[in-house]
Amino acid sequence: MKNAKLALGAALVVLAGYSSTATAQQMIDLTIGASHPLALPWIGMMQQYIQPEVNKRLAEQGNKYQIRWREGYGGTLYKANATLSSIGDGITDIGWVFGSLEGSKLPLAQVGNYTPGTTGNSGAVMEVVQDLNDRMPSLQREWAKNNVVFLSSTAIETLDLFTSFPVTKMDDLKGKKIGGAGTIGIVIAGAGGTAIDSPAPGMYNDISTGLMQGALTGASIALSTKIYEVAPYVTRVDMGSFAAGAIAMNKDRWEKMPPEVQGVIKAVSRDYSKRLSEATNQRYEGWFKTMEAANKNVKVTVMSAAERERWIKALPNIASDWVKASEAKGVPARQVLSTYMDSLRQRGVKPTRDWDK
């Protein structure tokens, strides 16, 4: 009997411990969202990786906190032209910022968009952008000014052409209406094309209705939105990876998070960028094969290295123009451009054009 009472007492102590742990756990409600659909790799990975991984790591740290996620993907909370303000205003707590469309509010974040053809290595671009945001107060200030905390960078794979007509050289684009989000339009105009500002979700419709005759975009975008159905001429140009956006969080909400939760969210966001890069490298070639298999009219060709170089070197010095315009407004763009290009070179990148020279 004595042993039975001891066993019962021990069991009650254990149960009390479990009850205390369960009671002590704090549930935190966070809304996560994006203007773009989950079919796009960098958006889908927010749901597939960031959300479960944050809770997994919080559990490993003692299960003191858990995030209850509320989702708002695919433009249900905000559209592509309001990503930064929607996070800053708290419409969503954490989300994807379409940085390429936020030039007036995030001028320094545009550095990777004014250096086309520098590298197709999206991993190197994301790593450098994150490093610059970690150590350059000027970048940190422009995010904070918008009541937003930068967490990690997103960069798409190198840009290629998807058109309704064959392309072998840049001259084939003269007079053609080609879509591209944000500053990608400058690259299109540099080849003699007419740039149409068209974010990924609207490209298919814009091509099918004749508003434009193709797009300069990433293969993952072309595949997930089925652009190849209306623009079956695929020309692999390798116009470089663009740091199109970032994972960011509302500053007020961030500052109310316990330090342990902040640390986990930041770490998972950085690992998300690494995984995005790895997935891009693994799937890139397969995206073209999938398009060919899905549509017999798809014709994939490769622009010659000489023609690609001619296109990049024919562009106006857009980096210099950006620096001059920014510096006139008191924005230290020259320092950011120089640091960005040097950081890429240090990682083994050999730019086709030295935009900082």
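This is a predicted model: local features need pLDDT of at least 70, side-chain atom pairs count only at pLDDT 80 or more; totals for chains, interfaces and linings use all residues.
**Figure 1. Lining of the largest pocket.** The volume of the largest pocket is about 200 Å³. Residues that line the pocket include Ser100, Gly103, Ser104, Pro107, Gln110 and Tyr114. Thr183, Trp322, Ala325, Ser326, Lys329 and Val331 also belong to the lining. By class, six of the lining residues are polar, five are nonpolar and one is charged.

**Figure 2. Salt bridge between Glu255 and Lys251.** The two side chains meet at a distance of 2.6 Å, N to O. Glu255 and Lys251 are separated by about one helical turn because they stand four residues apart in helix α9 (residues 251-256). Lys251 has a relative accessibility of 25% and therefore counts as partly exposed.

**Figure 3. Salt bridge between Glu307 and Arg310 in helix α11.** The side chains of Glu307 and Arg310 form this contact at 2.8 Å, N to O. Both residues belong to helix α11 (residues 305-314), where they are three residues apart, about one turn of the helix. Glu307 has a relative accessible area of 12% and is therefore buried, the cut-off for that class being under 20%. Arg310, by contrast, has a relative accessibility of 35%, so this residue counts as partly exposed.

**Figure 4. Salt-bridge network of Asp342, Arg345, Asp354 and Asp356.** Across the model, the count comes to 19 salt bridges.

**Figure 5. Salt bridge between Lys169 and Asp172.** The side chains of Lys169 and Asp172 meet at 3.2 Å, N to O. Lys169 counts as partly exposed because its relative accessibility is 35%, a value between the limits of 20% for buried and 50% for exposed residues.

Methods:
Residues are numbered from 1 along each chain as its sequence is written. Side-chain values use heavy atoms; hydrogens and water are left out. A salt bridge is a side-chain nitrogen of Lys or Arg within 4 Å of a carboxyl oxygen of Asp or Glu. Buried means under 20% relative accessible area, exposed over 50%, partly exposed in between (1.4 Å probe, protein chains only). Helices (H or I, at least four residues) and strands (E, at least two) are DSSP runs, numbered from the N terminus. On a 1 Å grid over the protein atoms alone, a cavity is a set of points where a 1.4 Å probe fits but cannot get out, and a pocket is an open set with protein on both sides within 12 Å along at least five of seven lines; lining residues have an atom within 4 Å of a point. Grid points are joined across faces, edges and corners, and a volume is the space filled by probe spheres set on the points. Ala, Val, Leu, Ile, Met, Phe, Trp, Tyr, Cys and Pro count as nonpolar, Asp, Glu, Lys and Arg as charged, and the others, Gly among them, as polar.
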